[in-house]
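Reader: I'm new to this one. Can you take me through some local features, one at a time?
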Amino acid sequence: MTRKVAVVGVGVSKFGNRTDVSLPELAWEAVKEAFDDARLGPEDVQGFVVGNMGGWSSEALPAVVVGEYCGLVPKSGIRVEAACATGSAAVRTAYHMIASGEADIVMAIGVEKMNESPTPTVVEFIGRAGNYFWEFENFGLTFPGYYALYATAYMQRYGATEEDLCKVAVKNHYYGSLNPKAQFQRAITVEECLNSRYIAWPLKLYDSSPITDGAAAVILASEEAARKITDTPVWIKAIGYANGTANLSKRPDFVGLEAAQVAAKMAYKKAGIDPENPVKHFDVAEVHDCFTIAEIMAYEDLGFAKRGEGYKLIREGQTYIGGVIPVNLDGGLKAKGHPIGATGVSMVAELTKQLRQQAERGRQATIKNGMALAHNVGGTGHYAFVTILGLSP
Amino acid sequence: MEHESVPLYWRNIPAYYRLVARRCKRCGEVYFPPVLKCPRCGSNELEDVELPQEGELVEFTVLRSVPTDFLKQKPVILGLVKLGPAKVLGQIVDAAPEKLKEGQRVEVAFRRVVVDGKYGLVMYGYKFRPRP
């Protein structure tokens, strides 16, 4: 019998080009905010998990330097990796530590400093996130290239256009403009997006999430501990997870991510969500929009729209506040930024704020069902995590 | 970024030069890249099977932003090609991006992949080009 787990404190650093701070200093910005939010200190935490992809940044042992700087040592901390879903892997690991009865209060910290390397190096490094030898070394396939293959297949099969893709970017930039922590705080137009240069046809610069430095932290607690810490715990009702093949050549089709579909199914089953009509349960969702096509596929993989109809949700504005399901009200990866290891943790932090109705003016969803969903993908569906949060346990 | 070449012994993998896949003798599944054990049925009994030299372009993309080793080849066209029983990812060469179409016939071409400037190593491998 596993125990119930709640989020009792959240913190997010300013996202962007953060060459002004070191990796542990950046982590501390989020950790400090999470401690203040929960009115706890480092002495209250029994263990911690650090999500950090690394490679582009110089620290080889991020859990050690971050743990020490944040005053968590000698408590045990480890680093976990699940590509762009690394943050969700950190949350999941912390969740299991509490659910199993091993610990009562655990912190999940996501931190990434991508700007420590020049852009071509970062592009190259992310390009390796698949089957290195068979899909990178020989050909020079880049990460936008992976998603571009999905975009061409999707557009060809269902009739979505480059304009539809740009509408995702426009929405996420709009909400990013209302989020003081976002990397891009400027709204854009469909024309600006359509006129931006191609990175990997048909994906353009404005279809793509940026290279970002940032950190996020969440404090998780057992039911007994959570009740003592806060009057407004946000419960982790379920986490679904799955992996996919490293080889794109082994994918059956290019219009959805199987790992995300499996993860959603698992999470819906655990949380008692109707998989035929999940939107009726949720007030708000965070989905993995590393590229605009990824957000549209997420609508379908999560069952928000039928296969082949996801682009209609954005075309009709149904994922804005007031639509059937508001998505990425913090700007998403697209505008808030995508510091790989921090992204999944920041999704949980954002949804906790949304459920507590503490988001900034103009980007607070209407909370009536008291449930929210985070969808975090690593690679091109190499990893997937779907986390469901709720106001009742 | 400086080219961090994989160990040279990787270059001795035959499938890097000839498109040799592996077929499971028990369940018949074909794998490229080749495997030593069938991930589907677990059998260790597999045999080499040469893929056809001609196939169909399933999907493609045109990379305008490429890794440093590929700057001279810009723009790079990357395609997923159905070669008989297997799908293979590779560069499409000798083609104008605007004239390419999904479903088009392509054939295997043996081409230079990367030149390692530091050590002067020239590496070759398979690519694809449109059928005339």
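Reader: Where does A:A83 lie?
Author: A:A83 sits in the loop between strand 3 (76-80) and helix 3 (86-99) of chain A. Helices (H or I, at least four residues) and strands (E, at least two) are DSSP runs, numbered from the N terminus.

Reader: Before we go on, what kind of model is this?
Author: This is a predicted model: local features need pLDDT of at least 70, side-chain atom pairs count only at pLDDT 80 or more, and totals for chains, interfaces and linings use all residues. Residues are numbered from 1 along each chain as its sequence is written, chains are lettered from A and ligands numbered from 1 in the order in which they are written, and side-chain values use heavy atoms, with hydrogens and water left out.

Reader: Back to A:A83. Is its phi positive or negative?
Author: Positive. Phi of A:A83 is near 50 degrees, and the residue is not a glycine. Most residues other than glycine have a negative phi.

Reader: And is A:A83 buried or exposed?
Author: A:A83 is buried, with a relative accessible area of 7%. Buried means under 20% relative accessible area, exposed over 50%, partly exposed in between (1.4 Å probe, protein chains only).

Reader: Switching to cysteines. How many disulfides are there over all chains?
Author: One. A disulfide is a pair of cysteine sulfur atoms within 2.5 Å. A:C166 and A:C193 form it, with their sulfur atoms 2.1 Å apart.

Reader: Which parts of the chain does the pair link?
Author: Distant ones. A:C166 is in helix 7 (residues 162-176) of chain A and A:C193 is in helix 8 (residues 190-194) of chain A, 27 residues apart. Both cysteines, A:C166 and A:C193, are buried.

Reader: Is the link of A:C166 and A:C193 left-handed or right-handed?
Author: Left-handed, with -75 degrees about the S-S bond.

Reader: Now helices. At what angle do helix 6 and helix 11 of chain A cross?
Author: At roughly 60 degrees. The axes of helix 6 (residues 143-158) and helix 11 (residues 292-301) of chain A come within 10 Å. Axes are lines fitted to C-alpha atoms, for helices over the stretch in contact, and angles run from 0 to 180 degrees between N-to-C directions.

Reader: Which residues make the contact?
Author: On helix 6 of chain A, A:Y147, A:Y150, A:A151 and A:Y154. On helix 11 of chain A, A:I293, A:A294, A:I296, A:M297 and A:E300. Contact means heavy atoms within 4.5 Å.

Reader: What classes are the residues in that contact?
Author: For helix 6 with helix 11 of chain A, eight nonpolar, no polar and one charged. Ala, Val, Leu, Ile, Met, Phe, Trp, Tyr, Cys and Pro count as nonpolar, Asp, Glu, Lys and Arg as charged, and the others, Gly among them, as polar.

Reader: On to strands. What order does the open sheet in chain B have?
Author: The three strands have the order 2-1-3, with antiparallel pairing. Strand 2 (30-31) and strand 3 (46-50) of chain B are the edge strands, and each pairs on one side only. Two strands pair if DSSP finds at least two bridges between them.

Reader: What stands opposite B:R22?
Author: B:Y31, in strand 2 of chain B.

Reader: Which strand of chain B is joined to strand 5 of chain A?
Author: Strand 4 (residues 54-63) of chain B, through two bridges, running antiparallel. There the bridge partner of A:W201 is B:V62.

Reader: Last topic, B:P33. Is the peptide bond from B:F32 cis or trans?
Author: Cis, with omega near 0 degrees. B:P33 is in the loop between strand 2 and strand 3 of chain B.

Reader: What does A:N247 touch?
Author: A:N131, A:W134, A:E135 and B:P33, not counting residues up to four places away in sequence. A:N247 is buried, at 4% relative accessible area.
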